[in-house]
Amino acid sequence: MCLAFPGKIIKINKDHASVDFGGIVRDINILLVDDIKIGDYVNVHAGFAVQKMTRKDANEVLKLFSENAGR
Amino acid sequence: MPDARIKKIIKEIGNLARSIGRKVNLMEVCGTHTQTASRYGIRKIIPENIKLVTGPGCPVCITPQEDIDAIINLALAGVPIACYGDVLRVPGFYGSLDQAREKGAFVKEVYSVEEALSCRKEKPELVFFGIGFETTAPMTAVAIKEGLTVYSAHRLFFPAMEALLKIKGLKIDGFICPGHVSTVIGSKPYRKLKIPQVISGFEPEDMLASVYLLLKQIAEGRAEVENEYSRSVMPDGNPRAYNLIFEVFDAAEGTWRGFGSIPSSGLEIKEKYSAFDAKIKYKDILSKIDFSKSKLSTGCRCAQVILGLEESKECPLFKRVCHPGNPKGPCMVSTEGACYIEFNSTGQ
């Protein structure tokens with residue numbers, strides 16, 4: 001499954017981070033991304049952050065998701 | 001994206017299709033693109049002369065029967081197995097993993113390989129069935145470094161694209177490139193293929209924009225790599241994830257359902273990590289399996305459907321005998337399989 005969701009890093013604990021997906025918080029593995037700070041946005045797939053995203057891009061994705069949810 | 005912009009893109013697609021005139025085959029090679037195209041009726045939106053062909057983008061579908069039968073035999077021999085959900089119901093000669101579970105085998109469905117790592121507390125001998133391309137391979141690499149035993153059926157995706165272009169009778173005028181494989185490998189590797197390519201995101205707007213960009217390239221006689229999914233794909237991808245793959249795996253000959261053997265497309269666990277290689281650890285069980293039986297069901301056209309040579313509806317078993325409740329091949333089992341998606345398409 002290629003579905004990935006953008007989320008915001010709110011807490012970091014070594015290899016893992018608490019990622020906020022717009023209200024739902026999940027523990028995500030951040031070993032695959034460099035240089036992560038609290039407040040960064042990441043694209044998450046199968047429990048791993050796979051890329052950093054800008055806030056603008058993350059919000060655009062979330063907007064697209066909600067627009068397409070009803071279609 | 002506001003509806004006005006979508007309407008404009010659709011109109012531009014129409015204009016380009018008319019100016020090109022001839023039939024054009026655009027191949028998408030990612031299971032989630034197949035799903036988006038189906039769910040949002042993209043094939044019905046684009047003009048008649050533009051065909052969106054489904055390629056080998058479903059990792060479960062391209063995993064060869066031998067690997068499926070191997071993991072099922074391990075399960076039946078008492079080895080605890082963890083796997084991604086889609087694999088559970090793929091029918092092998094010896095049944096499916098789901099059926100093995102009914103016979104008492106331990107088979108755990110996981111969303112993330114991390115769940116398999118946690119499961120080792122309960123089952124220290126757990127083997128994870130590693131399938132997928134460059135998106136999931138780094139995750140499996142992380143887990144192997146943390147001591148998880150893995151049966152690797154991982155594949156590198158790009159060699160398959162090269163192989164597709166060599167298939168006689170398969171006309172491909174452009175590729176919609178996979179979004180998350182590209183997140184890892186970047187956009188640069190695709191330059192090797194001298195054919196129009198657009199890396200696409202997964203929303204319908206992304207795919208329509210990608211079709212537009214491909215048609216524009218074709219109309220203008222260009223063959224470039226364009227990145228429509230720039231919010232996730234960088235030119236160099238994710239080097240950390242990419243390098244992790246090759247820290248743990250070697251590229252080796254890989255067998256693909258449909259293609260057969262493709263050089264340097266399989267990922268085998270490096271000797272350094274051989275203690276976690278299920279193929280070595282369980283050599284005794286694996287060497288006794290009769291793989292001569294590892295073939296698709298008679299009449300099943302998955303191998304041709306995977307390559308885009310045939311459509312699901314051309315398979316004699318499709319809907320007549322083969323459906324999600326009674327799948328005859330992996331294309332009907334996996335939610336990313338062409339046949340499953342076609343079967344569930346509401347035809348909007």
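Modeller: Tyr94(B) has a relative accessible area of 22%, in a predicted model where local features need pLDDT of at least 70, side-chain atom pairs count only at pLDDT 80 or more, and totals for chains, interfaces and linings use all residues. Residues are numbered from 1 along each chain as its sequence is written, chains are lettered from A in the order in which they are written, and side-chain values use heavy atoms, leaving out hydrogens and water.

Biologist: Why is Tyr94(B) called partly exposed?

Modeller: Buried means under 20% relative accessible area and exposed over 50%, with partly exposed in between (1.4 Å probe, protein chains only), so Tyr94(B), at 22%, is partly exposed. Phe93(B), at 45%, is partly exposed because that value also lies in between.

Biologist: What makes Phe93(B) and Tyr94(B) an aromatic pair, and is the pair stacked, tilted or edge-to-face?

Modeller: Rings of Phe, Tyr and Trp (its six-membered ring) pair if their centres lie within 6.5 Å, planes under 30 degrees apart counting as stacked, over 60 as edge-to-face and the rest as tilted. With 5.0 Å centre to centre and 85° between the planes, the two therefore form an edge-to-face pair.

Biologist: What makes Lys279(B) a charge over the ring of Tyr151(B)?

Modeller: The definition asks for NZ of Lys or CZ of Arg within 6 Å of the ring centre and within 35 degrees of the ring normal; the charged end of Lys279(B) sits over that ring, 4.9 Å from its centre.

Biologist: Which residues form one aromatic cluster?

Modeller: Phe133(B), Phe157(B), Trp256(B) and Phe259(B) do.
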